[in-house]
Amino acid sequence: MTKRRFRRSAMEAEVDMTPMLDIVFIMLIFFIVTATFLDETGIDMTQPNGIPGPGNKSINVYLFADGSAAINGTSIDIGNIPERVQSIRAEAPQALVILGADQAATHGNVIYIKDRLDSANVPVSLKIRKE
């Protein structure tokens with residue numbers, strides 16, 4: 001057996017990659033410039049001003065770790081909290097709402113109540129109790 005050696009011919013074509021790289025960079029710049037970025041909003045964690053005093057009544061909403069809830073110490077279904085808070089605020093419009101939650105309470109419940117009260121334009125102060 002004889003070994004064959006291949007010689008490169010002078011006519012062998014080479015591919016010039018420069019135009020393809022130019023197109024890739026132009027497309028990259030185009031997509032970066034035309035990309036839209038989502039403006040996602042989170043929970044507004046700013047606390048309302050004011051401290052409950054003798055003239056200011058406070059509405060204490062508390063969410064327990066087992067999923068139950070209470071308003072000013074009275075048990076209530078979580079779905080009824082926004083309506084009950086609004087009825088209490090109808091009697092005392094300056095009442096501050098303090099939404100407290102056990103550290104082990106479900107985040108979904110806390111967010112649900114906070115969102116419902118925010119949509120009703122009720123200022124809410126958040127407090128998380130660690131035990």
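How many residues does helix α3 have, and how far does helix α3 reach from its first C-alpha to its last? The legends below take up that question and a few others, working from a predicted model.

**View 1. Helix α3 from end to end.** Helix α3 spans residues 107-119, and its 13 residues reach 18 Å from the first C-alpha to the last. That is close to the 18 Å expected at 1.5 Å a residue. Look along the helix for its buried residues, which are Val-110, Ile-113, Lys-114 and Leu-117. They cover an arc of only 95° around the axis, so they sit on the same side of α3. A helix has 3.6 residues a turn, so residues three or four places apart point the same way.

**View 2. Asp-118 and Pro-82.** Asp-118 also belongs to helix α3. Its relative accessible area is 31%, so Asp-118 counts as partly exposed. Pro-82 is 36 residues away along the chain, yet the C-alpha atoms of Asp-118 and Pro-82 are separated by 9.7 Å.

**View 3. Strand β1 and its two partners.** Follow strand β1, residues 58-63, and you will meet a neighbour in each sense of pairing. With strand β4 (residues 96-102), β1 pairs in the parallel sense over 6 bridges; here Tyr-62 has Gly-100 as its bridge partner. With strand β2 (residues 69-71), β1 pairs in the antiparallel sense over 3 bridges, and Val-61 is bridged to Ile-71. β1 and β2 form a hairpin with 5 residues between them. In the turn, Gly-67 has a positive phi of about 100°.

**View 4. The largest nonpolar core.** Which residues touch the most other members of this core? Of its 21 residues, they are Ile-59, Val-61, Leu-63, Ile-81, Val-85, Val-97 and Leu-99. The elements giving two or more residues to the core are β1, β2, α2 (81-91), β4, α3 and β5 (124-129). As a general background, nonpolar side chains in soluble globular proteins tend to be buried together.

**View 5. The surroundings of Leu-63.** Leaving aside residues up to four places away in sequence, Leu-63 touches a list of residues that includes Ile-78, Ile-81 and Leu-99. Val-110 and Ile-113 are also among the contacts of Leu-63, and both of these are buried residues of α3. Ser-68, Gly-100, Asp-102 and Asn-109 are others that Leu-63 touches.

**View 6. Two aromatic pairs.** The model holds 2 aromatic pairs. In one, the ring centres of Phe-30 and Phe-31 are 5.4 Å apart and the planes stand at 65°, so the pair is edge-to-face. In the other, the rings of Tyr-62 and Phe-64 have centres 4.8 Å apart and planes at 70°, so this pair is edge-to-face as well. Is Tyr-62 buried or exposed? With a relative accessible area of 15%, Tyr-62 is buried. Phe-64, at 33% relative accessibility, counts as partly exposed, and Phe-30, at 48%, counts as partly exposed too.

**View 7. The whole chain, for orientation.** The chain has 3 helices and 5 strands, which follow the pattern α-β-β-β-α-β-α-β along the sequence. Buried residues make up 24% of the 131 residues. Among contacts between residues at least 6 apart in sequence, 69% join residues at least 24 apart.

Note on methods:
Residues numbered from 1 in each chain as written. Predicted model: local features only at pLDDT ≥ 70, side-chain atom pairs only at ≥ 80, totals over all residues. Heavy atoms only, no water. Phe/Tyr/Trp six-rings, centres within 6.5 Å; stacked < 30°, edge-to-face > 60°. Buried < 20%, exposed > 50% of the residue type's maximum accessible area, 1.4 Å probe, protein only. Pairing = 2+ DSSP bridges. Helix = DSSP H or I, 4+ residues; strand = E, 2+ residues; numbered from the N terminus. Expected span 1.5 Å × (residues − 1). Arc of directions from axis to C-beta. Core = buried A, V, L, I, M, F, W, Y, C linked by side-chain atoms within 4.5 Å. Contact = heavy atoms within 4.5 Å.
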